[in-house]
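Here's a quick briefing to read alongside the model. Have the sequence and the 3D view open while you go through it.

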Amino acid sequence: MLMRSLLTLAWSSLGSRRFVALLTLACIGLGSAVLIVVEQIRTEAREAFTRSVSGVDLIVGPRGGSIELLMGVVFRTGTPGRGMTFESYRQIAALPGITWAVPVSFGDSHHGYPVMGTEADYFKYFRYGRSQPLAFAAGKPFADIFDAVIGAEVAERLGYQLNQQIELEHGLEAAMDEAHSHQDKPFRIVGILQRTGTAVDRTVHVSLAGIEGMHADWVDGRPPEEFYKLSADEARLLVKAPERISAMLVGLDQRAAALFMQAHLQKWPAEPLSAVMPGPALLELWEIVGVAENVLRGMSWCVIIVVLVGMLTVLWSGLEERRHEMAVLRAVGARPRHIFLLIIGEAFLLTLGGVMVGIFFAALTLSAVESTLVQQYGLSLSAAFSGRTIVPLFSGLLAA
């Protein structure tokens, strides 16, 4: 009863100083909105990072570190070592318990964008985000040896359209000399993928046969002499299964068997291999590159601390102007603790209102930028905040 009376009195007191109260409310609201938006984006960025690949139970490649293999296959930065033999890929794909297996091969580029050789099943089985399949904005998967499917960023940045011919370069550098260009065997764009917010967007996808075809006249990784160059039609006749690939993606019948299969492949008798589970490896990688996460969180809390200190300053400076009010309250029987609770009640109401305003501002902000974040960064944000995001922030602000 006493607390209700004090809150009612605090509300009336704030009403008599509505301009200062509204100004303080707005400051707390903006500070809370910044904190909530940053926290939501930080959480979604972390989840998007860990969702760069989904539905793949194992990534198998040459023996080495899991981070190196993950960076090469998932994020397309460099190549995952010397690779593995195609024969090992065939044998592993035929093992009991493996539902599907897709080979991937790297080593070429196009204007700085990585070229990945694979099979058409890649577009069927590869998942990202919350198990979302790859979708085509235009066109279809490759069917011919010299067909190419490009990611959304490649199409947008380079202005490519369907049926346009492109020339690939040998190696991963953005600019290669003419001798290392595959301009004599151009590829035709037959598909453009929808934006995913992952490395798929900046990848040129071709078939393994296409990789072999454009290197059909190369010897030991060196371009042929002019006299020995083959045309695209001549190269078609010499295409065969590759000897080596960079890695392979594996889907299992039962995900619970991933650890058993991983241990089995780590002891593969034909050659030294590594088998990586993408989920744990991505979390391990996030621990390395996720320093920015803590920086964002620290900056947002600094903002809210400044706002709360500002509110304290406003309340403290207002005490001098309220000496008469306090004297009247004391005269009618209010004790010092009642005055203290009155001031705390005002701070509570201001913070409560500010947090509610902040949640409203944050929801509006996230709704306004959601489409941009999805298109540019693949971050799917929701204005409906989860309890694990709001409750700790809400409680912490009220306590502060």
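Predicted model: local features only at pLDDT ≥ 70, side-chain atom pairs only at ≥ 80, totals over all residues.

A nonpolar core is a set of buried Ala, Val, Leu, Ile, Met, Phe, Trp, Tyr and Cys residues joined through side-chain atoms within 4.5 Å, and buried means under 20% relative accessible area, with exposed over 50% and partly exposed in between (1.4 Å probe, protein chains only). Residues are numbered from 1 along each chain as its sequence is written, and side-chain values use heavy atoms, with hydrogens and water left out.

**The chain overall**

- The protein chain has 14 helices and 15 strands; helices (H or I, at least four residues) and strands (E, at least two) are DSSP runs, numbered from the N terminus.
- Of the 400 residues in the protein chain, 44% are buried.
- The protein chain exposes about 20,300 Å², and carbon and sulfur atoms supply 61% of that; accessible areas come from the Shrake-Rupley method with a 1.4 Å probe, and for residues only the protein chains shown count as cover.
- Take the contacts (heavy atoms within 4.5 Å) between residues at least 6 apart in sequence: 78% of them join residues at least 24 apart.

- Leu134 touches Tyr122, Phe123, Phe126, Tyr128, Leu193, Thr196 and Val200, once residues up to four places away in sequence are set aside.

**Aromatic pairs**

- A search of the whole structure turns up eight aromatic pairs; rings of Phe, Tyr and Trp (its six-membered ring) pair if their centres lie within 6.5 Å, and planes under 30 degrees apart count as stacked, over 60 as edge-to-face and the rest as tilted.
- One of them is Tyr122 with Phe123, an edge-to-face pair at 5.5 Å centre to centre with 80° between the planes.
- Tyr122 counts as buried at 1% relative accessibility, and Phe123 is buried too, at 7%.
- Phe123 also pairs with Phe142: the ring centres are 5.4 Å apart and the planes sit at 70°, so this pair is edge-to-face.
- That pair links distant parts of the chain, with Phe123 in helix α5 (residues 121–125) and Phe142 in the loop between β7 (136–139) and β8 (147–150), 19 residues apart.
- Ring pairs join Tyr122, Phe123, Phe126, Phe136 and Phe142 into a cluster.

**Salt bridges**

- The structure holds 10 salt bridges, a salt bridge being a side-chain nitrogen of Lys or Arg within 4 Å of a carboxyl oxygen of Asp or Glu.
- Asp57 and Arg255 meet through their side chains in one of these, at 2.9 Å, N to O.
- Asp57 lies in the loop between α2 (18–50) and β1 (58–62) and Arg255 in the loop between β14 (247–252) and α9 (258–266), so the pair ties together parts that are 198 residues apart in sequence.
- How accessible are the two partners? Asp57 is buried, at 8% relative accessibility, whereas Arg255 is exposed, with a relative accessible area of 60%.
- Arg195 forms a salt bridge with Glu156, the closest N and O atoms being 2.7 Å apart.
- Arg195 lies in the loop between β11 (187–193) and β12 (204–207) and Glu156 in helix α6 (residues 152–158), so this pair ties together parts 39 residues apart in sequence.
- Arg195 also forms a salt bridge with Asp201, at 4.0 Å between the closest N and O atoms.
- Arg195 is partly exposed at 23% relative accessibility, while Asp201 is buried at 2%.

**Two residues to look up**

- Ile67 sits in helix α3 (residues 66–73) and, leaving aside neighbours within four places in sequence, is in contact with Ala281, Glu284 and Leu285.
- Ile67 and Val276 are 209 residues apart in sequence and 8.9 Å apart in space, C-alpha to C-alpha.
- Ser52 is in the loop between α2 and β1 and is buried, with a relative accessible area of 9%.
- Beyond its neighbours within four places in sequence, Ser52 is in contact with Val74, Phe75, Phe126, Arg127, Tyr128 and Thr198.
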